[in-house]
Amino acid sequence: MTPDILFNVIIKNRSAVVNSRDVAKVFHKRHKNILQNIDRLKKDWSNLTGLKSEPSKTLNPKLSPVDLETLNNVSKLKFDDCFIPSSYITKDGRTVRSFDMNRDGFTLLTMGFNGRDALAFKLAYINRFNSMEQELTKRSTLYDLEKYLRKQLTDTIQRYYTGDNLRREIMQLTNLLYIVTTGHNAVKLKRDRGFDKDVSAFAEALTSTERETYISAENRLIGLYTSGVDDYHELKEILGQRQPA
């Protein structure tokens with residue numbers, strides 16, 4: 001059986017996706033053939049989209065009005081939402097195309113996959129998609145909470161800061177929260193995890209568990225700063241101390 005690590009559903013751009021290369025490995029297929037299958041799906045998808053204007057003249061005449069309406073709604077889905085173009089660098093330096101697929105794209109691609117273990121592989125992927133989508137929901141909830149705390153922290157710093165570089169103070173304390181949470185500042189965190197430097201580290205790079213740690217530290221930082229503890233090194237030492245369960 002293929003090791004679980006190969007069922008590599010990841011969160012990318014706030015969506016659970018799997019790359020076509022990983023699917024090819026798990027199902028023991030050539031990536032070239034996977035790409036050909038996706039290209040055929042794209043062509044068929046384009047043809048289906050073109051049938052929206054007069055479906056009754058081009059589709060099976062025995063289809064009921066409900067079936068036709070269903071097909072019409074399905075055709076409104078976008079191919080590029082299900083199959084997101086990507087690429088990778090080969091050992092010899094070539095750039096080769098691939099696709100990131102969401103759950104719908106994966107389902108469409110593998111619908112016809114048969115053979116030994118194929119069903120087990122599909123079920124394993126479905127389980128991974130379920131887990132990642134639950135993680136996404138949790139991350140989204142924590143993101144909404146952090147937006148509220150972020151404003152509270154900024155307001156607190158603005159109220160109690162007595163120095164002459166407010167912007168630097170806010171940036172430094174924000175980075176302190178990332179250091180307490182992950183051991184790295186936001187810039188290094190994003191670089192190490194493959195995210196663009198301009199994205200929000202909290203919104204894109206942190207797992208739900210890390211977000212919980214970050215939010216807990218942010219709450220404590222607000223309280224400390226309000227009580228007059230504003231020295232960076234003292235704050236770092238206190239926030240770095242493990243809290244009792």
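**Note on helix packing and aromatic pairs**

1. Helix H7 passes helix H11 in a left-handed crossing, a crossing being left-handed if the near helix is turned anticlockwise from the far one by less than a right angle, and right-handed if clockwise. The model is a predicted one, in which local features need pLDDT of at least 70 and side-chain atom pairs count only at pLDDT 80 or more, while totals for chains, interfaces and linings use all residues. Residues are numbered from 1 along each chain as its sequence is written, and side-chain values use heavy atoms, with hydrogens and water left out.

2. The axes of H7 and H11 are 9 Å apart and the two helices pack at an angle of about 15°, where axes are lines fitted to C-alpha atoms, for helices over the stretch in contact, and angles run from 0 to 180 degrees between N-to-C directions. H7 and H11 are therefore roughly parallel to each other (angles under 35 degrees count as roughly parallel, over 145 as roughly antiparallel, 65 to 115 as roughly perpendicular and the rest as oblique).

3. H7 and H8, by their own values, pack at an angle of about 135° with their axes 10 Å apart, and are therefore oblique to each other; the crossing of H7 past H8 is right-handed.

4. Turning to the rings, the structure holds 13 aromatic pairs (rings of Phe, Tyr and Trp, the last by its six-membered ring, pair if their centres lie within 6.5 Å; planes under 30 degrees apart count as stacked, over 60 as edge-to-face and the rest as tilted). The ring centres of Phe106 and Phe129 are 5.8 Å apart and their planes lie at 45°, so this pair is tilted. The pair links distant parts of the chain, with Phe106 in helix H6 (residues 103–110) and Phe129 in helix H7 (residues 118–160), 23 residues apart. Phe106 counts as buried at 3% relative accessibility, and Phe129 counts as buried at 1% (buried means under 20% relative accessible area, exposed over 50%, partly exposed in between, with a 1.4 Å probe and protein chains only).

5. Tyr178 and Tyr214 also form a tilted aromatic pair, at 5.0 Å centre to centre and with 55° between the planes. Tyr178 lies in helix H8 (residues 166–182) and Tyr214 in helix H11 (residues 208–226), 36 residues apart, and the pair links distant parts of the chain. Both Tyr178 and Tyr214 are buried.

6. Ring pairs link Phe7, Phe27, Phe106, Phe113, Phe121, Tyr125 and Phe129 into a cluster.

Technical notes:
Helices (H or I, at least four residues) and strands (E, at least two) are DSSP runs, numbered from the N terminus.
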